[in-house]
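Have the sequence and the model open side by side as you read.

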Amino acid sequence: MEQQTITMGQVTYELSRVFQGTRPLSELMAERMVQNIPTAPPVDGGGSHGV
């Protein structure tokens, strides 16, 4: 089990997480971070705009 306290401004959050299985915590956290990364929009604006 992992416990963490996060303070943002005047609000404090207390988090508790329970992990099951044989994978290490660092591997689980890395996997979760990769899943939450939004895809960046193309630098040129994308779409099919002609020049």
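E31 is partly exposed, with a relative accessible area of 35%; partly exposed covers the range between buried, under 20%, and exposed, over 50% (1.4 Å probe, protein chains only). Through shared partners, salt bridges join E31, R23 and E27 into one network. A salt bridge here is a side-chain nitrogen of Lys or Arg within 4 Å of a carboxyl oxygen of Asp or Glu. The whole structure holds 2 salt bridges, listed here:

| Salt bridge | N to O distance |
|---|---|
| R23 and E27 | 2.8 Å |
| R23 and E31 | 2.3 Å |

R23 is partly exposed at 37% relative accessibility, and E27 is partly exposed at 39%.

This is a predicted model, where local features need pLDDT of at least 70 and side-chain atom pairs pLDDT 80 or more, while totals for chains, interfaces and linings use all residues. Residues are numbered from 1 along each chain as its sequence is written, and side-chain values use heavy atoms, leaving out hydrogens and water.

Now for the chain as a whole. Its pattern along the sequence is β-β-α, with 1 helix and 2 strands; these are DSSP runs (helices H or I, at least four residues; strands E, at least two), numbered from the N terminus. Of the 51 residues, 4% are buried.

What about the nonpolar surface? M8, V11, Y13 and L15 form a nonpolar patch with about 370 Å² of accessible area together. Patch members have over 30% relative accessible area and no salt bridge, with nonpolar side chains (Val, Leu, Ile, Met, Phe, Trp, Tyr) joined within 5 Å and like charges within 9 Å; areas come from the Shrake-Rupley method with a 1.4 Å probe, and for residues only the protein chains shown count as cover. Strand β2 (residues 11–17) gives the largest share of the patch, 3 residues. V11 lies in strand β2 and is partly exposed at 39% relative accessible area.
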